[in-house]
Amino acid sequence: MKIGFIGLGNMATAMMGGIIKNRIAAASEIFGADALPAAGEKAAKELKINVLESNTGVVKASDVIVLSVKPQFYPDVINDIKDACDMSRIIITI
């Protein structure tokens with residue numbers, strides 16, 4: 001199962017750390033993107049996940065997508081990813 005995170009802040013990195021630690025998915029099966037390059041660099045360095053340049057790339061690479069952005073950013077994120085989503089993907093918000 002490939003898991004994608006849109007937003008790589010504290011909550012997302014905590015979730016990814018737990019997923020990796022508990023062997024739910026390997027770091028190589030986790031994809032992420034963040035509007036702030038520093039957040040992506042930190043997640044790649046500390047967790048060894050795949051950091052992609054776009055939210056759409058995360059959606060295309062993942063079976064399950066976790067929207068880990070603040071609610072005020074949902075409209076922009078959803079508008080960005082809507083054409084890449086299909087019924088085979090699960091979207092979770094936190």
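User: What makes the radius of gyration of the protein chain agree with that of a compact globule?

Analyst: This is a predicted model. The rule for a globule is 2.2 Å times the number of residues to the power 0.38. With 94 residues, a compact globule would have a radius of gyration near 12 Å, and the protein chain has 12 Å, so the two agree. Along the principal axes, the C-alpha atoms fill a box of roughly 30 × 30 × 20 Å.

User: Which residues is asparagine 55 in contact with, leaving aside its neighbours within four places in sequence?

Analyst: Contact means heavy atoms within 4.5 Å. With those neighbours left aside, asparagine 55 is in contact with Ile6, Ala33, Val77, Asp80 and Ile81.

User: And why does alanine 26 count as partly exposed?

Analyst: Partly exposed is the range between the cut-offs for buried, under 20%, and exposed, over 50%. Alanine 26 has a relative accessibility of 38%, so alanine 26 counts as partly exposed. Alanine 26 is found in the loop between H1 and strand E2 (30-33). Its C-alpha atom is separated by 9.6 Å from that of isoleucine 3, a residue 23 positions away along the chain.

User: How much of the protein chain counts as buried?

Analyst: By the cut-off of under 20%, 37% of the 94 residues count as buried. The protein chain exposes about 5700 Å², and carbon and sulfur atoms supply 57% of that area.

User: How do you know what share of the contacts joins residues 24 or more positions apart?

Analyst: The count takes contacts with a separation of 6 or more, and residues 24 or more positions apart account for 67% of them.

User: In what order do the elements of the protein chain run?

Analyst: From the N terminus on, the order is β-α-β-α-β-α-β-α-β. There are four helices and five strands.

User: What lines the largest pocket, by class?

Analyst: The largest pocket has a volume of about 470 Å³. Of the 20 residues that line it, Gly7, Asp34, Ser68, Val69 and Phe73 are the closest to its centre. Helix H1 (10-21) and helix H4 (74-81) are the elements that give two or more residues to the lining. H1 supplies the largest share, three residues. By class, the lining has 12 nonpolar, five polar and three charged residues. Gly counts as polar here.

How values were computed: Residues are numbered from 1 along each chain as its sequence is written. This is a predicted model: local features need pLDDT of at least 70, side-chain atom pairs count only at pLDDT 80 or more; totals for chains, interfaces and linings use all residues. Side-chain values use heavy atoms; hydrogens and water are left out. On a 1 Å grid over the protein atoms alone, a cavity is a set of points where a 1.4 Å probe fits but cannot get out, and a pocket is an open set with protein on both sides within 12 Å along at least five of seven lines; lining residues have an atom within 4 Å of a point. Grid points are joined across faces, edges and corners, and a volume is the space filled by probe spheres set on the points. Buried means under 20% relative accessible area, exposed over 50%, partly exposed in between (1.4 Å probe, protein chains only). Accessible areas come from the Shrake-Rupley method with a 1.4 Å probe; for residues, only the protein chains shown count as cover.
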